[in-house]
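Biologist: I am new to this model. Please take me through some of the terms used for it.

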Amino acid sequence: NLLIRSQALYPIELQAHIILILYFMKKNISFVVEENEKNLRVDVLINRRKEIISRTRIKNLILREKLKLNNEIIKDPSKKVSIGDSINLQIPEPKKASLKPYNFKLEIVYEDKDLLIINKPAGIIMHPGAGNYDKTIVNALVQYDKNSLSSIGDELRPGIVHRIDKNTSGLIVIAKNNETHENLSKQFSDHTILRIYQLLIWGKLRPSSGRIETLITRSAKNRQLMTVSSSKGKKAITNYKTLEIFENKKIPTFSLVECKLETGRTHQIRVHMNYKGNSLVGDDKYKKKYKRLKNVDLDIQKSIINFNRQFLHAKTLGFTHPSTKKRVIFSSLLPQDLNNILKKLRNTAK
């Protein structure tokens with residue numbers, strides 16, 4: 001009735017808004033697969049049928065077990081469909097997230113109407129989660145401008161396109177609208193985003209430069225950790241080169257390394273360095289057991305023991321701007337705490 005009345009009483013623009021409202025009032029999407037749709041991925045098919053819902057949103061709903069294929073719950077967005085399959089996708093009402101603003105000064109490298117580039121310090125997590133619901137980058141973004149964040153995906157992660165670990169510093173991109181979010185997400189999934197990290201590791205890499213290509217999966221021993229596998233997991237590719245080596249009798253051997261990612265798996269750099277036998281300085285999860293720092297320069301020994309983060313910095317971030325279609329590249333300097341360790345190593349290694 002509302003739709004019929006809108007067509008008679010309201011201008012076209014307002015009719016469109018009312019249609020959108022009516023659409024999202026539906027609790028589910030149901031249809032039967034037709035002949036010309038066979039062998040399509042189920043997320044692609046739903047997006048073709050209902051273009052108003054983004055493929056990212058559809059994928060998230062499937063992962064949250066909201067899709068039934070022939071009355072059976074399906075959790076794989078890439079599942080292929082057959083002629084006559086019955087599709088039913090539940091669209092739950094949006095949850096109201098009580099995100100508290102956090103008065104935390106963000107280091108904004110760049111901002112326009114579509115996105116923000118932030119230089120994140122170590123010690124702060126990206127979004128609310130178990131144990132920390134109000135002192136995160138998301139809460140700081142809500143304080144900065146809660147009305148300019150994309151709403152795709154988890155309601156506790158507005159604007160968040162990608163993440164870096166709590167104890168990693170460096171550049172992240174924040175989406176201010178859904179179109180930007182979807183565009184950047186596709187660039188990440190297509191592996192066209194430029195991501196360069198700098199890190200300090202124990203020992204020397206052999207060879208000093210190269211490419212690491214493995215599968216990475218969740219550890220069976222500790223579900224909070226990732227590990228290299230020969231048979232399962234997702235493909236992970238890291239290109240690395242050694243920038244500087246620090247070694248003499250006064251200190252253990254350390255190497256400053258640069259990594260360029262082709263993929264972005266959870267803890268990828270940390271897992272790949274550990275796989276090579278050269279874990280990151282300050283990494284409390286993937287650390288190898290090293291000999292005590294005996295007969296070592298006291299200043300270096302104190303710096304390493306008291307270092308409360310991992311030596312990992314997201315230095316460079318590049319992508320195609322969703323609106324201008326121009327390639328943009330942003331870079332950041334190593335933070336002071338990381339530079340201080342390098343200065344001490346250089347002075348001691350002379």
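**Terms and values**

Modeller: Threonine 348 is in contact with Asn248, Lys250, Ile251, Asp297 and Ile300, leaving aside its neighbours within four places in sequence; contact means heavy atoms within 4.5 Å. This is a predicted model, in which local features need pLDDT of at least 70, side-chain atom pairs count only at pLDDT 80 or more, and totals for chains, interfaces and linings use all residues. Residues are numbered from 1 along each chain as its sequence is written, and side-chain values use heavy atoms, with hydrogens and water left out.

Biologist: Why is threonine 348 called buried?

Modeller: Buried means under 20% relative accessible area, exposed over 50%, and partly exposed in between (1.4 Å probe, protein chains only). Threonine 348 has a relative accessible area of 11%, so threonine 348 is buried.

Biologist: What makes isoleucine 164 count as buried?

Modeller: Its relative accessibility is 6%, so isoleucine 164 counts as buried. Isoleucine 164 lies in the loop between α5 (137-145) and β7 (169-175), and its contacts include Met126 and Tyr197.

Biologist: Why is α3 called oblique to α4?

Modeller: Helix α3 (residues 42-49) and helix α4 (residues 55-63) pack at an angle of about 130°, with axes 9 Å apart. That makes α3 oblique to α4, because angles under 35 degrees count as roughly parallel, over 145 as roughly antiparallel, 65 to 115 as roughly perpendicular and the rest as oblique.

Biologist: Which residues meet there, in α3 and in α4?

Modeller: Val42, Asp43, Val44, Ile46 and Asn47 in α3 meet Arg55, Ile58 and Ile62 in α4.

Technical notes:
Axes are lines fitted to C-alpha atoms, for helices over the stretch in contact, and angles run from 0 to 180 degrees between N-to-C directions. Helices (H or I, at least four residues) and strands (E, at least two) are DSSP runs, numbered from the N terminus.
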